[in-house]
Structure formats: structure tokens, C-alpha cells
Amino acid sequence: MPYLGSEDAVRELRRALSNPNVQSDQLRYRNTILKVIRAMSQGVDVSGLFSEMVKACATVDIVQKKLVYVFLCSYATLNPELSLLVINTLRKDCQDPNPMVRSLALRNMTNLRLTSLVEYVEQPLTAGLRDRAACVRRVAVLGWAKLHNLQPSSEIDAAVVNELYGLLRDPDPVVMVNCLRALEDILKEEGGVAINKPITHHLLNRLKECDVWGQCEVLKILQRYQPQSEDELFDILSLLDASLVSPHPLVMAATLSLFLSLCSGLPAVSLAALERVRGPLLAACGSVSREMRFTALCHIQLLLRSVPGLMGAHYKRFFCGYAEPAYIKQRKMQVLVELVNDENVSMLLDELKGYCTDVNTDTSQAAISAIGRIGRSYSDRCLEILTGLLALKQEHITSAVVQTMRDLVWVCPQCSDTVCLALEGCEETLQDSQGRQALLWLLGVYGERISSAPYTLEVFIDGVRSEASLGVKMELLTTTMRLFLCRPAETQDMLGRLLHYCIEEDTDMCIRDQALFYYRLLHCGIEETRKVLHGRRSDPSLGVLIGRPAEPISQWANSFNTLEPLRQRTIETESASRGSPEHVTFDPKPNSDLSDTLNCSPVEKFHSGAEKMEEEDCVCLEEWVQNTAVPHCSPQSLQAAMQLVHIQTLAFTPPHTLPWRVYLYTHTQHVHHGNISQSTLILGELLYTGNQRTVIKKGMCDRQMVEGSEKGQVKEGQEIRPDSMCKRESVRKEGEEDEGVKVTLKQQPKDDKALKGVLCILTTLLHTLSAERN
């Protein structure tokens with residue numbers, strides 16, 4: 001017997017197809033054709049049997065016809081001349097009394113994909129649009145779309161387009177949906193199907209007759225329609241109400257996307273719609289399909305950007321299952337971080353702690369990173385868990401914990417003492433480059449508090465010749481220089497050896513150039529070196545707000561029910577993918593103004609009531625708000641008041657601290673030419689320095705007065721600054737006014753109207769809070 005794929009096997013199949021005895025036996029003939037199809041599906045070249053298969057299509061056996069048509073459509077492009085022989089048979093089948101034969105013939109006429117046969121196909125397709133059988137009309141409608149794709153440059157007859165529009169009212173819902181799909185392809189250059197009020201209401205009334213995919217198609221196309229009145233809008237929303245809680249996630253997502261599109265100017269209605277889809281979304285998170293679960297989680301993250309508490313009561317639904325894949329576990333942990341509050345933080349941390357020892361290293365490191373993000377608000381509890389994980393002495397866990405601690409102390413400097421104690425001895429477990437970079441950064445920044453820092457650093461320097469990571473070497477140089485400035489006696493020899501190796505022996509130009517830079521910097525003196533290496537640090541008095549501030553729904557509505565949420569990166573860049581946090585984190589000077597830290601370009605200053613600077617597309621505005629007691633308000637009250645006017649708080653100084661400052665931002669929408677709406681970003685700072693003069697009175701602090709007078713520092717009636725340690729009373733001089741709160745706003749791109757509006761809202765807010773406090 002000839003082996004599969006040989007020429008002998010193809011010749012044997014040809015003899016069987018040409019054998020009159022086989023052709024006379026319907027079952028044997030069908031089995032022979034089936035062997036040809038099986039060989040074709042296995043990659044055997046059976047194109048030489050084309051003429052024999054053309055003869056086989058002239059049969060009344062529907063099963064045999066289907067098998068032959070599969071073969072002919074696969075090899076028609078290789079035999080365009082012989083394919084003409086099939087057309088007569090297909091055209092004849094288009095007039096068969098059996099509707100299944102007619103639909104089968106129409107489908108395969110368009111599947112031949114030969115431009116030379118188009119003129120033979122148009123007439124049967126036109127007749128198929130008026131066929132009495134719905135299955136034939138379904139095929140004929142899609143056939144016109146296939147012809148258009150085969151010849152995109154040619155125009156479809158306007159009469160055909162009108163007939164397709166007429167078939168939108170076909171009693172068969174599949175024909176109606178197929179017409180929408182065909183018109184979308186044919187009229188793509190004109191913007192697709194023209195949706196007007198009668199078509200919209202007709203499609204909405206027949207929505208329940210369609211299957212799941214048909215409903216999704218209709219709902220997607222209806223997003224182009226804009227209701228002409230508010231009454232019509234609510235009539236449409238009423239028709240869509242049942243689909244919003246559909247048990248099919250696809251229909252629910254398409255309906256919500258249409259809801260958000262129609263209610264772009266009604267945020268209360270949009271929020272109500274988000275509340276209603278909570279149940280279907282949670283059900284989709286428990287779907288058997290992993291792909292469906294992942295997609296639902298991605299879209300839940302999108303919704304939480306505008307309604308942070310939407311899933312707060314159902315946080316247990318996002319606990320990870322043992323058999324779930326890593327990508328679903330990681331996405332669930334990202335959702336859990338956003339649902340943390342005072343009531344559930346203990347349970348969530350216990351759950352995440354269990355994931356830290358997962359057998360999958362990616363899941364384990366993602367859980368540790370999630371604990372670190374929660375630590376920005378609950379630092380004591382999270383540091384206790386992270387310190388306990390270091391005791392496990394596992395390489396990937398230790399590396400993730402050290403990186404998480406590095407990121408945490410950068411944002412919350414008050415955690416540095418606990419982190420410094422926990423780092424003792426962990427260098428023996430670290431093997432990967434990212435973990436060692438994090439450890440070196442911590443040794444460089446907090447080396448004066450870690451007793452073993454020079455000895456740990458010496459181990460790294462002794463093994464620098466075998467170090468393969470460029471990032472570790474560069475971090476080692478910076479750390480050694482920083483440690484030398486605070487502990488010179490213990491580090492001087494190590495620094496000399498490291499600089500000698502990097503300058504004289506290392507072949508990498510980046511390492512050599514950095515070492516030469518530090519060597520020449522040392523020649524400039526210790527003070528100059530200190531200014532360069534000990535740059536700006538995070539202000540320990542600033543508290544950072546965890547969580548994603550509520551965003552307008554309009555910012556993400558267009559990406560809902562698309563692939564965009566699946567392509568979006570995680571909320572926060574994982575620490576394993578970056579170096580020192582100071583390279584990527586914004587860090588304002590402790591006593592600097594926003595105009596200095598948010599430098600956008602050289603600007604030109606002028607004075608007209610308020611100091612205003614602008615250059616091209618960037619604007620900066622400064623204003624003083626007098627007679628305000630806002631610096632004495634609680635941060636929570638200030639944050640809640642600002643969120644009511646859609647202003648988000650980034651960081652704040654505790655009350656009764658000088659200087660008192662708050663960093664904030666907001667987005668505003670403005671319309672450019674052509675009615676194109678664009679967003680502009682406004683960054684802001686509230687600054688109160690408390691520059692009131694204070695005068696010491698007799699009997700207020702006798703001990704301090706005596707000690708001061710003995711040293712010749714303080715006299716009766718002398719004016720001192722408010723940061724004095726003795727008890728005092730504020731006295732305003734005659735004619736002197738309190739400076740008040742300085743409001744600095746910086747905007748890009750430029751929109752003067754929006755900037756002045758935000759300033760007006762902010763001024764009113766500050767005065768309102770002050771009035772309530774008084």
C-alpha cells in the first residue's frame with residue numbers, strides 16, 4: 001500500500017474517482033471523496049484531482065456536495081480555468097427546490113474568491129436577496145459583502161444597497177443582523193450604516209429576537225445614534241434596561257457601553273448603570289472560562305477608577321483559587337489593593353500573606369508588591385508581614401521584599417527605622433540583580449543607621465569582578481560614594497579599590513565614565529560632592545493618599561468593551577522592572593514652590609493682580625487667599641471637600657505643621673475647533689508659611705526668657721519666629737495682614753477659562769471650609 005502523501009497515493013485516489021463501478025455506488029464514491037478531504041486536511045497536495053472533483057459535484061447527495069465544495073474552495077485559486085467548470089453546476093443548484101442546496105451553492109460561489117467569476121455570481125446573489133427561504137437570504141446578504149472585499153475598488157450598485165437597507169426589516173433576525181454587517185463593510189468609506197431614528201427604534205424593539213452575537217452587533221452600531229430629545233433618550237434607556245442585567249456577559253458589556261455613550265452628559269444615570277452591572281460582572285468573575293474571568297477582572301478595574309467602592313462589600317469574591325492561573329491571581333490581587341479599607345484590611349493582608357509563599361514566583365512577588373502598596377496607608381501592619389517574610393530565607397521572596405521596602409520608604413520615610421533593622425543579614429539570600437540593586441540603594445540612603453552597612457558593601461566590592469549586572473555595578477558606585485560621605489573612616493579604602501577597578505580594569509564605558517565622574521567630583525571637595533549626591537529627599541511631614549482617585553466616567557467610557565482594558569499595564573509599575581525610585585519618582589523640595597518643582601519651560605513673568613506666567617502651551621497662575629483657617633482643618637475633611645468639586649489630593653502636610661502644604665490635581669474638558677473635546681491637566685499647590693510676627697510678653701515663659709537674656713539672645717519685646725520652642729501669643733502689627741494661603745496652579749495645555757474657573761472654585765472652597773471651622 002503506498003504511504004500517505006506519495007504520488008502513488010494520489011494516483012490511486014484518481015483511479016478510484018474515475019472508476020465507473022465506484023461512481024455507481026453512492027456510498028463508495030462518498031467514502032473515496034472523504035479520503036481525498038482527509039488527505040487534504042493532513043497537508044497532502046491533492047490539487048491534481050481537481051477535474052475529478054469537479055465531476056463529483058454533479059450529484060443530488062447533499063453530503064457529497066458539501067465535501068466537494070470544501071475541496072473546490074480550497075484549490076480554486078490554483079486552478080482558475082478549471083473553476084469555470086463549476087459555475088454552471090453552482091448556478092443550477094441555486095435554482096434547486098431544496099433551500100439548503102440553494103444556500104450551499106450561493107455560499108460556495110462567493111467562497112471561490114476568483115475575480116473572473118464575479119459577473120457570474122451577481123445575478124444569483126440578487127435573486128437570493130428575494131428568496132422565500134430565510135437561510136438563502138442570510139447567505140445572499142453576506143455574499144455581497146464578500147464580493148465587495150474581493151473587489152474593494154469597485155462600487156456596489158446603489159439598488160443593491162437600497163435592497164440591503166430594506167432587508168433590515170426582514171422578519172428573520174439573522175438576516176437583519178447580517179444586513180448590518182454587510183452594510184458596515186460595503187459602506188466603510190462612508191462611515192458605515194446610516195443610523196436614524198426609525199432604524200434605531202426598529203433595532204431596539206427587535207433586540208430580544210437576536211442571538212447573543214446579534215445583540216452585541218446591534219448594540220455596537222447603535223452607539224452612533226444621538227437621541228434628539230431627553231424623552232427619547234429615556235425611552236431608549238428603558239428598552240435597554242433588561243439587557244443591562246443580561247446573564248450573558250457579552251450582551252451586558254455591550255449594553256453598558258451603549259449606556260455610557262448615551263449618558264455622557266448625565267453622570268448620575270451612568271453611576272446608576274454601573275451599580276446595576278455589579279451582579280453580572282461578579283458572576284463573570286466566577287465563569288468557567290479563564291478568558292472570561294480575566295476579561296471581567298480587567299473591566300472591573302476600569303469601573304473602580306470612577307466608583308472605588310463599587311465592589312467593596314464583595315471583596316471576598318476576588319480571593320484567589322488554588323488552581324487559577326498566575327495571570328488571573330495577579331489581576332485579582334490588583335483589585336484587592338483597591339478595595340482595602342479599615343474594616344477589611346486585616347483579612348486582606350492575611351489573604352495576601354498566604355499568596356506570598358505560592359509555588360509560582362511571579363504570583364508570590366506580585367502578592368508582596370500588593371502588600372507594599374497597602375503599606376502606604378497601613379505601614380505598621382504591612383512592615384510586620386514583610387519582616388516576617390525575610391525570615392523564610394527564600395531567594396525570590398527576599399528579593400521582592402527588599403524591593404518593596406525600598407519603594408515603601410521612598411514614599412513613607414517614617415518607615416525607614418523598621419526597614420533598617422530588618423535588612424540585617426538579608427544580603428546572603430539575594431541572588432538576582434534587581435534585589436541587590438534595591439539593597440544597595442537602601443544602604444546608600446540609610447547607611448548611617450545600618451551598623452553592618454560597610455561590611456555588607458565590602459562583600460559586594462570584593463566580588464565586583466564577577467558581577468555581570470551593569471545596574472548593580474552602577475548602583476554600587478553610587479552607594480559607596482554616599483556611604484563614604486557619612487562614614488568615611490570605614491569606607492575610604494573600599495571606595496579607592498572600587499574606583500581603581502572601575503576606571504582601570506572595567507571594560508564597560510558606562511561604568512568607567514561614572515567612576516571618572518565621581519573621582520573628579522571628589523577633587524572638587526567634600527561639600528560639593530555632598531551637594532551632588534545628597535539631593536532632594538521626600539518630606540517626612542507629607543502624607544501620601546493611597547488608592548486611585550475617582551475619575552470621570554467619560555475618561556474611560558470609550559475603551560469599555562474593547563481590548564484596551566486587557567492591554568493596559570498594571571496600576572503601578574512593578575519594582576522589579578525599574579531601578580532606584582529616585583530615578584522615576586517626583587520629589588518636591590521641602591521648601592520650594594510648585595513653580596520651581598514643576599518647571600515646564602522658560603516663562604515670562606508679569607504682574608496684574610495675580611502673578612501669571614505663560615509660555616506657549618503651559619500656564620502658571622499664583623494667587624493669595626486671605627483670612628483662611630484651612631491649614632488647621634483635618635486632611636480628611638479637606639480631601640472630601642475637594643473631591644466634591646472633582647479636585648484630587650495627591651499629598652498633604654498634617655495640620656499645625658509649618659510650612660503647611662497640599663499638592664492636588666484635576667482634569668478639565670475644553671472644546672477645540674471642530675467640536676473636538678480635549679482634556680487639560682492642572683497641577684496645584686496650597687502653601688501656608690505662617691509668617692505672622694509674634695511678640696513675647698512678660699510672664700509667658702520666664703525660664704526661656706532668663707536663659708535667653710543671659711546669652712544675649714532674647715530681650716523683652718523682641719520679635720521672634722513662630723517656630724520658637726517657648727509658649728507665645730500671635731500679635732498682628734498695625735497695618736500688617738496675614739499672608740494667607742498661597743495657591744499655585746500650573747496647567748498644560750493652555751486654557752485660560754478653565755484655569756480661572758478652577759481658581760475660583762478653589763478660592764470659594766477654602767473660604768467655605770474656613771467659615772465652617774469658625
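## Briefing: strands, helices and a pocket

Glu622 stands opposite Thr744, a residue of strand β11. The model is predicted, so local features need pLDDT of at least 70 and side-chain atom pairs count only at pLDDT 80 or more, while totals for chains, interfaces and linings use all residues. Residues are numbered from 1 along each chain as its sequence is written, and side-chain values use heavy atoms, with hydrogens and water left out. The protein chain holds 35 helices and 11 strands (DSSP runs, H or I of at least four residues for helices and E of at least two for strands, numbered from the N terminus).

**Overall fold**

- Of the 774 residues in the protein chain, 49% count as buried (under 20% relative accessible area with a 1.4 Å probe, protein chains only; exposed is over 50% and partly exposed lies in between).
- Among contacts (heavy atoms within 4.5 Å) between residues at least 6 apart in sequence, 66% join residues at least 24 apart.

**Strands β4 and β11**

- Strand β4 covers residues 618-625 and strand β11 covers residues 741-748; the two pair in the antiparallel sense over 7 bridges (pairing requires at least two DSSP bridges).
- Another residue placed opposite a position in β11 is Cys620, which faces Lys746.
- Both strands are mostly covered: 6 of the 8 residues of β4 are buried, and 7 of the 8 residues of β11 are buried.
- Val619 lies in β4 and counts as buried because its relative accessibility is 1%.
- The C-alpha atoms of Val619 and Gln748 are 6.6 Å apart in space, although the two residues are 129 apart in sequence.
- In a regular strand, side chains alternate between the two faces of the sheet.

- Helix α14 (residues 230-244) has 15 residues and should span 21 Å at 1.5 Å a residue; its end C-alpha atoms are 20 Å apart, which agrees (the expected span is 1.5 Å times one less than the number of residues).
- At Ser238, α14 bends by about 30° (the angle between axes fitted to the seven residues ending there and the seven starting there).
- Glu232, Leu233, Ile236, Leu237, Leu240, Ser243 and Leu244 are the buried residues of α14.
- The cover over these buried residues includes α12 (197-205), α13 (212-221), α15 (249-262), α16 (267-276) and α17 (278-285).
- Ser246 lies in the loop between α14 and α15 and counts as buried because its relative accessibility is 10%.
- Leaving aside residues up to four places away in sequence, Ser246 touches Val251, Met252 and Pro280.

**Helix α21**

- With 14 residues (361-374), helix α21 should span 20 Å at 1.5 Å a residue, and its end C-alpha atoms are 20 Å apart, in agreement.
- Because 11 of its 14 residues are buried, α21 is largely enclosed by the rest of the structure.
- Among the buried residues of α21 are Thr363, Ser364, Ala366, Arg373 and Ile374.
- The buried residues of α21 pack against α19 (326-338), α20 (345-355), α22 (379-390) and α23 (395-411).

**The second largest pocket**

- The second largest pocket has a volume of about 1200 Å³ (the space filled by probe spheres set on grid points joined across faces, edges and corners).
- Of the 37 residues lining the second largest pocket, Leu260, Ile553, Ser554, Gln555 and Ala557 are the closest to its centre.
- The elements giving two or more residues to the lining of the second largest pocket are α13, α15, α16 and β6 (660-671).
- A pocket is an open set of points, on a 1 Å grid over the protein atoms alone, where a 1.4 Å probe fits with protein on both sides within 12 Å along at least five of seven lines; lining residues have an atom within 4 Å of a point.
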